[in-house]
Amino acid sequence: MAGDPVNDVRPFRALHYDPSVVPDIGRCLSQPYDVISPAQQDAYYRQHPDNVIRLILNKEEPGDRDGQNRYTRARDVLQDWRRQGVLRATARPSFWVYEQSFDLPGVGRRTVKGFIGAVRLRDYEERRILPHEKVLKGPLEDRIRLTETTSAQFEYIWSLYQDRDYVIDAVLDQSGKEAPIIDYLEEPINVRHRMWRLTDPAACERVRRTIGRLKLYIADGHHRYQTMLTIRDRMRRRFPDAGPDAPWEYIMMFLVNSEHEGLTILPTHRLLNGIQVDSLFGLASDILEHFHVKKYAFRDGEEAEVRRRWLADLRDVPPGEHKFGAYITNTNGYYLLTLRDREAYEELVKLDYSSEWKLLDVNILNTLILERSLGITEEQLSAGTNIAYTKDVEDALERVRSGEMQVALILNPTALQDVITIAENDEKMPRKSTHFYPKPVSGLVFYPLDQGFHAG
């Protein structure tokens, strides 16, 4: 219908930690479920008896079976915390203003601010909420089981909107003049998380009306979005008379203006191992066919300065250029690879995708180095065969130096506009293309799928 909003984003009643029962809420927060290692899971369990890890990623235990498993334990913990008052419900719908301050090497301190709201679920075909990544069956089934068993949303996904006039940011900045209800410094990564509650009806309405005219682009949380689409459809069949504002019609989102100066995407670097020696030796000649190669050789005592120059040159990318760094085991230098001919490369890619998709750095690397030079197939990439990933350059280089891996391929970050363009083109990026940083911590607010918690 003409005049309908593009998206329906609402303040909502939420469950949250009660500071009178849990004074140090920061110790109850955690990273999102999908980036938590087993060691981190153990650490969160030890950190606080009410840590959110017991909801989002409860431990598996011997003897787990249907009716008694980590999903039912999460459900029981949620019920216990609600009875005990660890979690309490707000009486009025609110938006939740959330700010992160963090350090970037070579850049300094940055801040990104957005808000958490309840967003009406839209099928992708409606082109109102757009993805840029594929979902995998395993993580999707895991999140569906957790959400259905607990009847709650524990984690907000991260989405972007384009508000070039900064209307919403101006409203959110007014909240920052008050004392935050959560102020937590996450160690050892030195990220400060602060949250305020936005309850003023006029301010909430201005946010709601402004964002209602805009498309949303999923930055992080594709599996959780697909989880709620699946559950919404199941609940519609079970409760056909529940109406358009039933709680399962909405999903929690952390929403950030794509124009925000603090919005940060980090690269994910590739590490290769298990490559036959002849393939590795042949890599150099194959690379020369497609790339200009510059070597940064070093002797004893020079490595740190040479590495600094190499990384500086790697990150100095004029428009239209595509660069990669490489470090190979048992060599005394770093390599800078610059794509020779964009048009010639595009002609090699026979897939029916846009130029923007073909010219993503991860696709250039996958096509010219991993597939054509080393014979690593898409199936092997999906299975993780011969390849590992890291966000940290020093970690990548050290794992090659130690002999754990054979090659480190260092990338530049994907441009934000490329993420939006790929989503608009209805295309999907390859695995590990984007890493929005820092991750929103889990545990700030929860959204039970109780009828009483419908969005306001």
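Modeller: A disulfide here is a pair of cysteine sulfur atoms within 2.5 Å. Keep in mind that this model is predicted.

Biologist: By this rule, how many disulfides does the count come to?

Modeller: The test is the sulfur-to-sulfur cut-off of 2.5 Å. By this rule, the number of disulfides is zero.

Biologist: Is Cys 28 buried or exposed? And Cys 204?

Modeller: Buried means under 20% relative accessible area. Cys 28 has 0% relative accessibility, so Cys 28 is buried. Cys 204 has a relative accessible area of 7%, so Cys 204 also counts as buried.

Biologist: Turn to the helices. At roughly what angle do the axes of α3 and α4 cross?

Modeller: Helix α3 covers residues 70-84, and helix α4 covers residues 137-150. Their axes come within 9 Å. The crossing is right-handed. Its angle is roughly 40 degrees.

Biologist: Which residues of α4 make that contact?

Modeller: The α3 side supplies Arg 70, Tyr 71, Thr 72, Ala 74, Arg 75 and Leu 78. Across from them, α4 supplies Asp 142, Arg 145, Leu 146, Thr 149 and Thr 150.

Biologist: How many residues of the contact of α3 with α4 are charged?

Modeller: The residues of this contact fall into nonpolar, polar and charged groups. Four are nonpolar and three are polar. The number of charged residues is four.

Biologist: Now the salt bridges. How many does the structure hold?

Modeller: A pair qualifies when a side-chain nitrogen of Lys or Arg lies within 4 Å of a carboxyl oxygen of Asp or Glu. Glu 99 and Lys 113 pass, at 3.7 Å from N to O. For the structure, the number of salt bridges is 43.

Biologist: Why does the pair of Glu 99 and Lys 113 tie together parts that are apart in sequence, and how many residues apart are they?

Modeller: Both residues are buried. Glu 99 sits in strand β4 (residues 95-104), while Lys 113 sits in strand β5 (residues 108-120). Because the partners lie in these two strands, the pair ties together parts of the chain whose separation in sequence is 14 residues.

Biologist: Glu 126 forms a salt bridge with which residue?

Modeller: Glu 126 is partly exposed, at 35% relative accessible area. The closest N and O atoms are 3.7 Å apart, and the partner is Arg 122.

Biologist: Which residue forms a salt bridge with Arg 143, and which residues are linked with both in a network?

Modeller: The closest N and O atoms of the pair are 2.8 Å apart, and the partner of Arg 143 is Asp 142. Both residues are buried. The network of salt bridges holds Arg 143 and Asp 142 together with Glu 60, Arg 70, Glu 155 and Arg 224.

Biologist: Is Ile 211 buried or exposed, and which residues does Ile 211 touch?

Modeller: Ile 211 belongs to helix α6 (residues 201-211). Its relative accessibility is 0%, so Ile 211 counts as buried. Leaving out residues up to four places away in sequence, Ile 211 touches Asn 7, Val 9, Phe 115, Tyr 161, Ile 168, Leu 216 and Leu 255.

Biologist: What distance separates the C-alpha atoms of Gln 174 and Ala 203?

Modeller: Gln 174 lies in helix α5 (residues 167-175). Gln 174 is partly exposed, at 47% relative accessibility. Along the chain, Gln 174 and Ala 203 are 29 residues apart, and their C-alpha atoms are separated by 9.6 Å.

Biologist: Where is Lys 432, and what is its phi?

Modeller: Most residues other than glycine have a negative phi. Lys 432 lies in the loop between α15 and β20. Lys 432 is partly exposed, at 34% relative accessibility. Although Lys 432 is not a glycine, its phi is positive, at about 60 degrees.

Biologist: Phi of Arg 127 is near what value?

Modeller: Arg 127 is in the loop between β5 and β6. At 28% relative accessibility, Arg 127 is partly exposed. Its phi is positive, near 60 degrees.

Key. Residues are numbered from 1 along each chain as its sequence is written. This is a predicted model: local features need pLDDT of at least 70, side-chain atom pairs count only at pLDDT 80 or more; totals for chains, interfaces and linings use all residues. Side-chain values use heavy atoms; hydrogens and water are left out. Axes are lines fitted to C-alpha atoms, for helices over the stretch in contact, and angles run from 0 to 180 degrees between N-to-C directions. Helices (H or I, at least four residues) and strands (E, at least two) are DSSP runs, numbered from the N terminus. A crossing is left-handed if the near helix is turned anticlockwise from the far one by less than a right angle, and right-handed if clockwise. Contact means heavy atoms within 4.5 Å. Ala, Val, Leu, Ile, Met, Phe, Trp, Tyr, Cys and Pro count as nonpolar, Asp, Glu, Lys and Arg as charged, and the others, Gly among them, as polar. Buried means under 20% relative accessible area, exposed over 50%, partly exposed in between (1.4 Å probe, protein chains only).
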